[in-house]
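Please consult the sequence and the structure shown below while reading.

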Amino acid sequence: MEKDYRPILEALDSFDNFIIAGHQEPDGDCLCSQMALSSFLKRKGKNARLVSAGPFKRPEIRSWEKFFSGTIDDNDLKGKTLGIITDCSSPDRTGSLGDQLKKIPLMVIDHHSSGEMFGDYRFVDSDSPSTTLLVQQLIESSGMELTEEEAEFIFLGFCTDTGFFRHIGSGKPDVFQAVSRLVEAGVSPNATHRVMTGGRTLGSRRLLGRILDRSRLHYEGKLLISWETLEDRKELETEDRDSDSMYQMLQSIGGVESVVIVQEESENTYSVGLRSTFDIDVGSIAKSFGGGGHRKAAGCTLTGSRNEVIQRLIDSFQLLNNS
Ligand SMILES: [Mn+2]
């Protein structure tokens, strides 16, 4: 895949100040893209500021919250400032930061397949398994070497979005070549795996048990839906978001093509995660509810009673009747 990085690198050269944002409820790919870019821009002598609307719920990313500011004030926008938005398919996904970001020129660095054409400079490749790999390409094409820390961020973002290589299909040798350069720069896959999967509480594991218990099959076993409540997290004293291991377990059930987990956020508001193992495009289902994502992993927010929300989700998978 031959790409022309010059317009993006020239744009980066032409600004002095950067505000680097990503989507709300950030994940490892989003935050690591932001942090690797910030490090790169600082090495180029630029001012870079990391912002995120949060919340930092996933355990593997929580310790980075201190590097990010939750708001952008008008003072931050003085001077020649470029906003960079990573891993984000629409400006709304930046959450509370969106209104301030609209005031400055924007660069989008992203790998989502669905989404809006927004931003003054766009570096978007839906074939890339993670946004961090796009950041790697940018840094490498600038002629600078990756630092060890940048390589670690890039690898962690990559492992977040690929489920530690599990979601990568055939025909992607360039991806493994890119990863091999990260290892050359000092990355330890074993250490990254520990950061991503370790340090959980027993309560968080018991929560997975409750979700497993409540799982129900629909459409002759092709769709599996389950849910968790605010009360669960209170009783089990956990705020951890560790749905990835849950999806992995549920997607391993024979015949299941799609998995949906409904998480209560506040009264009558639910964040919904959708995963697909084969052909069903859950990105477009999430989009029909105002959310977004990829063909195989997507999310949206729904309001109503839990039973209503679950029924609407079941109905949105009607296409499983004919598959
Ligand atoms: Mn991503």
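In this predicted model, helix 2 (residues 28–43) and helix 5 (residues 148–162) have axes that come within 8 Å and cross at roughly 160°. Angles over 145 degrees count as roughly antiparallel, and helix 2 and helix 5 are therefore roughly antiparallel to each other. The manganese ion has donors that include Asp29 and Asp161, and these two residues also belong to the contact of helix 2 with helix 5.

**Helix packing**
- The crossing of helix 2 and helix 5 is left-handed.
- On the helix 2 side, the contact involves Gly28, Asp29, Cys32, Met35, Ala36, Ser39, Phe40 and Arg43.
- Helix 5 contributes Glu150, Phe153, Ile154, Leu156, Gly157, Thr160 and Asp161 to this contact.
- By class, seven nonpolar, four polar and four charged residues make up the contact of helix 2 with helix 5.

**Manganese site**
- Asp29 (OD), Asp87 (OD), His111 (NE2) and Asp161 (OD) coordinate the manganese ion at 2.1 to 2.4 Å.
- Along the chain, the donors of the manganese ion follow the spacing D-x57-D-x23-H-x49-D.
- Asp29 in helix 2 and Asp87 in the loop between strand 3 (81–86) and helix 3 (98–101) are 58 residues apart, a pair that links distant parts of the chain.

- Residues under 20% relative accessible area count as buried.
- Asp29 has a relative accessible area of 0% and is therefore buried.
- Asp87, at 2% relative accessibility, likewise counts as buried.

Definitions and conventions:
Residues are numbered from 1 along each chain as its sequence is written. This is a predicted model: local features need pLDDT of at least 70, side-chain atom pairs count only at pLDDT 80 or more; totals for chains, interfaces and linings use all residues. Side-chain values use heavy atoms; hydrogens and water are left out. Axes are lines fitted to C-alpha atoms, for helices over the stretch in contact, and angles run from 0 to 180 degrees between N-to-C directions. Helices (H or I, at least four residues) and strands (E, at least two) are DSSP runs, numbered from the N terminus. Angles under 35 degrees count as roughly parallel, over 145 as roughly antiparallel, 65 to 115 as roughly perpendicular and the rest as oblique. A crossing is left-handed if the near helix is turned anticlockwise from the far one by less than a right angle, and right-handed if clockwise. Contact means heavy atoms within 4.5 Å. Ala, Val, Leu, Ile, Met, Phe, Trp, Tyr, Cys and Pro count as nonpolar, Asp, Glu, Lys and Arg as charged, and the others, Gly among them, as polar. Donors are N, O and S atoms within 2.8 Å of the metal (3.2 Å for Na, K and Ca); water is not among the atoms, so sites may look incomplete. Buried means under 20% relative accessible area, exposed over 50%, partly exposed in between (1.4 Å probe, protein chains only).
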